[in-house]
Amino acid sequence: MDKKLLISALAKVVAGILLVGALLFVPAGTLDWWQAWLLMGILFIPMLVAGFYMLAKAPDLLRKRLNAREEEGEQRTVVALSGLMFIAAFVVAGLGHRFGWPVFPTWVTWLGAALFLASYALYGVVIRENEFLSRTIEVQEGQRVVDTGLYGIVRHPMYSSTLVLFLSMPLVLGSPLAFVNACLHSHYCEAHS
């Protein structure tokens, strides 16, 4: 086992947990928010399972997935603005919880959780099907166009699953305003991809 890779992966997960937790619970002003805990669970538990699986079976893929440094200027801008919109959705949801802004019915939270987990599973299939999958735009030695499995149905199944992931998070949180933010985010990303 590659201990350096394990430490790097665990550090990113812990940093993610702390960041998402802060973005949700600080604006909410409380830890008493079950939808935020639900989102944290469905976001990070599968991430840990997938990370340990890749560490054992595909460490090179895990290494590529951990590399988030985008080299292309325009793509860096898209990633940065997407990050700001992502942060805004969490903060808006937290503020909505604190100040009692309108919320979706509980069944929408559970629908959002189901969509999120289905998208996560789809994301896992995409990672398994495309050994060249990377978080950044790059050309790799021996790279070829993948056109089987999900890639035979949808040209960019990773983007499709990521879109559903992003749109389902505000549903899990029960926040209509955060959902509007996520829709604007997805429209922005679509226009710049």
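This is a predicted model: local features need pLDDT of at least 70, side-chain atom pairs count only at pLDDT 80 or more; totals for chains, interfaces and linings use all residues.
Let me start at Pro105, which sits in the loop between α4 and α5, the latter spanning residues 106-129; helices here are DSSP runs of H or I with at least four residues, strands are runs of E with at least two, and both are numbered from the N terminus. At 40% relative accessibility, Pro105 counts as partly exposed, where buried means under 20% relative accessible area, exposed means over 50%, and partly exposed is what lies in between, taken with a 1.4 Å probe on protein chains only.

Residues are numbered from 1 along each chain as its sequence is written, and side-chain values use heavy atoms, with hydrogens and water left out.

As for the overall layout, the protein has seven helices and zero strands, and of its 193 residues, 38% count as buried. If we take contacts, meaning heavy atoms within 4.5 Å, between residues at least 6 apart in sequence, 75% of them join residues at least 24 apart.

Taking Phe116 on its own, and leaving aside neighbours within four places in sequence, we find it in contact with Leu39, Ile42, Leu43, Leu165, Ser168 and Met169.

The structure also holds one cavity of 30 Å³ or more. By cavity I mean a set of points, on a 1 Å grid over the protein atoms alone, where a 1.4 Å probe fits but cannot get out, and lining residues have an atom within 4 Å of a point. About 80 Å³ of space lies in the largest cavity, a volume being the space filled by probe spheres set on grid points that are joined across faces, edges and corners. Its lining includes Phe90, Met169 and Leu173, and α4 (73-99), α6 (157-173) and α7 (176-191) each supply at least two of the lining residues. By class, that lining has nine nonpolar, two polar and no charged residues; Ala, Val, Leu, Ile, Met, Phe, Trp, Tyr, Cys and Pro count as nonpolar, Asp, Glu, Lys and Arg as charged, and the others, Gly among them, as polar.

Finally, the salt bridges, each defined as a side-chain nitrogen of Lys or Arg within 4 Å of a carboxyl oxygen of Asp or Glu: the count comes to two. Asp2 and Arg63 meet in one of them, at 2.6 Å from N to O; Asp2 lies in the segment before α1 (3-28) and Arg63 in helix α3 (residues 59-66), so this pair ties together parts that are 61 residues apart in sequence. Asp60 and Arg63 also meet in a salt bridge, at 2.8 Å from N to O, and, being three residues apart in helix α3, they are separated by about one helical turn. Asp2, Asp60 and Arg63 are thus linked in a network of salt bridges, in which Asp60 is exposed at 54% relative accessible area, whereas Asp2 is partly exposed at 31% and Arg63 is partly exposed at 36%.

Key: On a 1 Å grid over the protein atoms alone, a cavity is a set of points where a 1.4 Å probe fits but cannot get out, and a pocket is an open set with protein on both sides within 12 Å along at least five of seven lines; lining residues have an atom within 4 Å of a point.
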